[in-house]
Amino acid sequence: MKRRDFIIKGSAAAAAVAASDLWVGKLLAGEPAIMPSASLLDTYFHVNRTDIGKVLSATLAKGAEFADVFFEYRITSNLSFEEDAVKSARRGVIQGVGVRAVKGDQIGFAFTEDLSLPSMLEAAGAAAVIASDNTAKSRVAGMTDSKVKNLYPIAELATSTDLNKKLAFIKEANTAAKAHNSKIVRVSVGFNDEVKHVAYANSDGVYWEDSQPLFMFTAFCIAEDGKTRETGYKGGGGRIGMEYFNKTKAADIGKEAARLAIVNLSAQEAEAGVQTVVLGQSESAVLLHEAVGHGLEADFNYKKLSNYSGRVGQKVASDQCTVVDEGLFENMRGTINVDDEGNAPQSTTLIENGVLRGYMNDRISSLQLGVKPSGNGRRQAYNHPPMPRMTNTYLRPGKYSADEILKSVKEGIYAKGFTGGNVDITKGDFTFSCSECYRIEDGKITAPLKGVTLVGNGPDVMTKVAMVGNDLKFTDGGWTCGKNGQMVPVGMGTPTVKVSEITVGGTKVRGQNKA
Amino acid sequence: MQDYKNLAADLVAALKKQGADAADVYIVSSTNFNSTVRLGKIERLQQATSKGLGMRVIKNGAMANTFTTDFQGRAVSDLARETLEIVKISSPDKHNGLAPKELLGVYDGKLTMFDESLAKLAPEKKVELIRAAEDAGLKYDKRIKNGNGSRWSDTRSQVTLANSDGFLGQYQTTAASLSVGLLAEDEDGTKQTDGWYTFGRFFNKLDAPEAVGKEAGRRVVAKLGGRKSKSAVVPVVVDPQVASNLISQIFGAASGDSVYRRQSFLVDKVGQEIGSPLVTIVDDATIPDGVASRPFDGEGVRSSRVTVVENGVLKQYICDSYSARRLNLKPSGNAGRAYTSMPFVTSTNLYLKNGDTSPADIIKSVKSGLYLSAMFGSGMNGVTGDFSQGATGFWIENGELTYPVQEITIAGNVMKALKNVKVVGNDLTFKLGAPASPTLLIDQMTVGGE
């Protein structure tokens, strides 16, 4: 049985999470042009605060210590363009409320799409049974509104943008991809965006609202040369509006997907076994996400399931490694104004100069470990309870230039683009898979190699980080992280890094015939 | 559970009335329960009812779909109007449309999909089952020191589909699973985790909780002492769970969606040998008590049995109605659907047919090689069939499993692997769900280690 946490780029699963809405501005009465200013309870949920108080009380009725409700109204849509035409147009509304009762680290959870008081009370009754006392032990405090600082300021909400404007960007990417090379035989472009309106209340009296925009613009190409067929993919976006295209040209996204497909046409088979690997800036942060990130989510640690359990203060990586999780970067995909339990996001140093400093916490894990919540309590949607999750995870820059790092390698692999990764957090064994990699010969990047998977053990590989570059770069909004069946958007970043030894999943073996 | 047949049929009629040339409505409603127990204590108890409605319209050759979880009259009628607005944006495509009328219908053989006893099982009883399973696992060996969470999950769901060619169908299914997750520790403190599960539509066909727990225990203890192996090209004995993943890749490449997009290593390969003559792959939605059986597909096409690969030869592509029109083929009853999506090609009870060798005899036949227990990661390229993934397993020496192998890679090509199938096991079972495969011996795969 596989118990692995993972990350993936773009793809169907990610698209399902990050869908979008093209027409809502025009079609849904009352949908504001930028972001709503009136209470979301009135605009979307048609629920009043007295009823929320009743639901929270009912959730505490059997003796739970804490209760919360999470209302969600998510407008999603997707426009897909293939063979020079709009292939499909989709739009949807997902609404629901999740009700949670907490006793120690025990959770009773229920949800309903029906926001009538009887339905919500029924859900509260189902959640309440995690506690089995006859009377309530806690009471619901008076509700106070929390002010949420807006980390996703946007000029033009994609969900309210005229369709023709979006189509123009799509066509720009499509044309650029096709023009890149005559071997490009197929191009698909997708525009996916969503806005997720959330209202939250808990029995401590905390109440907040947030409207979370998210979009992903993707291009996918197939190249053929008569013998082989290969693919290239590029996506970008974030919690940002249409002004994204002021800085990033849609054409460049199309062109990049085409370039990758063409590069892969001439890719050679890689050798299997231990090699020196230079990880390019930005996407190589998949390494951090898998080797370090998941293992430092506190739920695994208070349960002593992680290979990092009980190791705060110990050396777990080379001196050059300082790893941070920070949900505060404006408009970034993993950024949150508030976590899904009402805690503010922050900058959490996980590893400092190789020494483990702390974990990422949600409410339950922070109480179990006796630390403050770190603003990492996140949930996929109303129908899932929160747990500790990453936001934007990155490696702080070091002193070397990318050039110096490459020149230091006589023979090895330069890995630049990735499709995803995963990890067994207990043993710490992780994998991550390249979509763009090259051979390094005498300090120079040479032939492209077929996509390979790199495998290693988290703490072991982190001690083999031999050089950290000075060129930190974050990914451009295409990544989705999966844990216990829940998907959340994340950001990540890294400078160029040299790992002295890592196992490469090639198809060739020295001194043996290939398969 | 509420009957949504009227809602679906009325909505189709309303969409037609508002100008749709064709329309369908797909509604899924379910009740779900799950609970996680760790070290005997309930960690999570979850109960919910859930629902969603998707509608699709075709107008002037263009198609659009919308969905909602809000079933109130106004929300649904607003959305219907919007769907007919949205479709104006979409491009006309002569291949769009509902499934051919003559294929619409409900499979007329007997299918058992619903277990009343499962639907009636009390939550307390379910928690008891988890505790019994976890307890058996924790007691299996003294090196098992922690639990990773053991879980019961069950769902009862109802699918309703109506379209403007007069199809109106509905069915109900039940499903349940019980899993055990354990953690074991070496003398040197190295931790390993593993687990086991049982899955099915019928309560009385699930494995006993104690058996699930013991198997989880056996598996996690077997992983203790795991290390890398040498890099080598070797014969590989492929565990049924890994083999079923390979079968999925073949199915994906044979699906009409991938083929018309040329996103497949099986483009132009029908009638050709793509695997060893020992390989026959079938997708059968009509197995009487199958884990994925259903009377009709996501477009209302009557279910059937489809042979994908016969004795190594690719027999046909698997299509929903859109890809069938693109490829000039017939839909095979393999349209999947979610209320949030358009139809797409999907498998049902997909399996590789049994051979006649026992897994033990397969292992005995290998002088030096790998028993492949699991593959991880996203390193699977559906267009070329190339794969490179992380793996765990056991090293085989002189026909016996020796030490556990971890932190290695396995790489190759799916089609080459299928051609290199030398022996097919006799251990096919749907107890872990579908797709399913017996154990396979594949001649040459590249292991990346030290």
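Predicted model: local features only at pLDDT ≥ 70, side-chain atom pairs only at ≥ 80, totals over all residues.
Chain A touches chain B through 72 residues of its own and 71 residues of chain B. The points below take chain A, the contact between the chains, and then chain B.

**Chain A overall**

- Chain A holds 13 helices and 24 strands.
- Its C-alpha trace spans about 75 × 55 × 40 Å along the principal axes.
- Of the 515 residues of chain A, 63% count as buried.
- Among contacts in chain A with a separation of 6 or more, 78% join residues 24 or more positions apart.

**Strand 24 of chain A and its partners**

- Strand 24 of chain A covers residues 497–504. Six of its eight residues are buried, so the strand is mostly covered.
- Strand 9 (residues 273–279) of chain A runs antiparallel to strand 24 of chain A, and six bridges join the two. Here V277(A) stands opposite V499(A).
- Strand 20 (residues 465–468) of chain A also pairs with strand 24 of chain A in the antiparallel sense, over three bridges. V468(A) stands opposite V497(A) in this pairing.
- Strand 19 (residues 453–457) of chain A is joined to strand 24 of chain A by two bridges, again antiparallel. L454(A) has V504(A) as its bridge partner.
- Strands of a sheet pair through backbone hydrogen bonds, either parallel or antiparallel.

**Where chain A meets chain B**

- The contact involves 72 residues of chain A and 71 residues of chain B.
- Strand 3 (residues 85–103) of chain A gives the most to the chain A side, with 11 residues.
- The chain A side divides into 27 nonpolar, 29 polar and 16 charged residues.
- Pairing of strands crosses between the chains: strand 3 of chain A and strand 3 (residues 62–68) of chain B run parallel over five bridges.
- G92(A) has F67(B) as its bridge partner in strand 3 of chain B.

**The two domains of chain B**

- The domain assignment of chain B gives domain 1 (5–222) and domain 2 (227–450).
- The centres of these two domains, taken over C-alpha atoms, are 23 Å apart.
- In the contact between them, 36 residues of domain 1 of chain B meet 27 residues of domain 2 of chain B.
- Several strands of chain B each supply at least two residues of the domain 1 side, including strand 1 (22–38), strand 5 (150–163) and strand 6 (168–185).
- Strand 2 of chain B supplies the largest share of that side, four residues.
- The domain 1 side divides into 19 nonpolar, 13 polar and four charged residues.

**A four-strand sheet in chain B**

- Four strands of chain B form an open sheet in the order 11-10-9-14, with antiparallel pairing.
- Strand 11 (313–314) and strand 14 (350–352) of chain B stand at the edges. Each has a single partner strand, so one side of each is left without a neighbour in the sheet.
- Strand 10 (residues 305–310) of chain B pairs with strand 11 of chain B over two bridges, in the antiparallel sense. E310(B) stands opposite V313(B) in strand 11 of chain B.
- Helix 6 (residues 240–254) of chain B lies across strand 9 (281–284), strand 10, strand 11 and strand 14 of chain B. The helix runs at about 115 degrees to strand 14 of chain B.

Notes
Residues numbered from 1 in each chain as written. Chains lettered and ligands numbered in written order. Contact = placed C-beta atoms within 7 Å. Nonpolar A, V, L, I, M, F, W, Y, C, P; charged D, E, K, R; others polar. Pairing = 2+ DSSP bridges. Buried ≥ 20, exposed ≤ 12 C-beta atoms within 10 Å, placed from the backbone. Domains from an automatic or database assignment. Axes fitted to C-alpha atoms, helices over the stretch in contact; angles between N-to-C directions.
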